[in-house]
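Biologist: Could you take a close look at one part of this model for me, namely how its strands are put together and what they supply?

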Amino acid sequence: MKQYELSPCLFMYFTSQQSIDSYHADLKENAPIGTTAIRVNATDADEGSNGDVVYSFGNDVDARVRALTKSRLDREQQSQYVVTIVAKDAGEPSLSSDKTIQIVVSDVNDNSPEFSQNPYTFYITETNSPGSSILSVTARDDDEGSNAHITYHIFRDRGGENLLSSFLNINSENGDIVALKSFDFETLKTFHFHVVASDSGTPSLSSNVTVNVFILDQNDNAPVILYPVSQIVRKVKADLHDILKVTWGYIVSEDVNTKLD
């Protein structure tokens, strides 16, 4: 009678091209439910039930690993799994072999850029220096690599918003926005525009945000005499005493800043 003595010899077959010695496999996060990450095969040189092999996960595997092929993967939630595969024969006592494999969940472009605020509100002082940075917007993308590389641009439509945003430029890499002209509170008190953030994935995903800008007043207008200029002209030929009396009694000046600034 043959003596029972040999443990199963365990082999792994990967869905992607991997070295047998690396025990490493890649699985895209958008893989359909039921996708096979690895195939396992074990041989046992014993005969009969001593050579019958069954497979299982190791005792330390958690529920998420057990659900690996039963639910959708999300690299942003968990980017890798370490799985121990056990091959056990049916002999008495049972003998077993095991292998550990690292399954890496690879990224797909499934997240759009997300702005840190929505909408943005900025307060800008008038008489700013043209060409200087006046505000900045930022967005993040939870993907990785080129899928997470973000570029920015100002949305230009054909309406009045396009006229207002035409004197703005944005740095496509960091979201810094510069004004090409100086703001004047007396002619423009508020405006808004839209910024679009796009990732570099294929296909590219994007999102947009509204930016509201309020211009703050500066005391940049001197008082102007409004009236009665005509009365002063008529009194030019009068004697100095009369001019002074008219001036003291009737000249009215007004700080234009109370109307404009």
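Modeller: Gladly! Two strands pair if DSSP finds at least two bridges between them, and a strand is itself a DSSP run (E, at least two residues), numbered from the N terminus. This is a predicted model, where local features need pLDDT of at least 70 and side-chain atom pairs pLDDT 80 or more, while totals for chains, interfaces and linings use all residues. Residues are numbered from 1 along each chain as its sequence is written, and side-chain values use heavy atoms, without hydrogens or water.

Let's begin with β4 and β5 (residues 80-89), an antiparallel pair joined over 5 bridges. Within β5, V86 is the bridge partner of S56. Both strands belong to an open sheet of 4 strands, ordered β2-β6-β5-β4 with mixed pairing. At its edges are β2 (24-28) and β4 (53-57), each pairing on one side only.

Beyond its neighbours within four places in sequence, V211 is in contact (heavy atoms within 4.5 Å) with residues including F191, F193 and V195. F193 is buried at 1% relative accessible area, and F191 is buried at 4%; buried means under 20% (1.4 Å probe, protein chains only).

Terms used. Buried means under 20% relative accessible area, exposed over 50%, partly exposed in between (1.4 Å probe, protein chains only).
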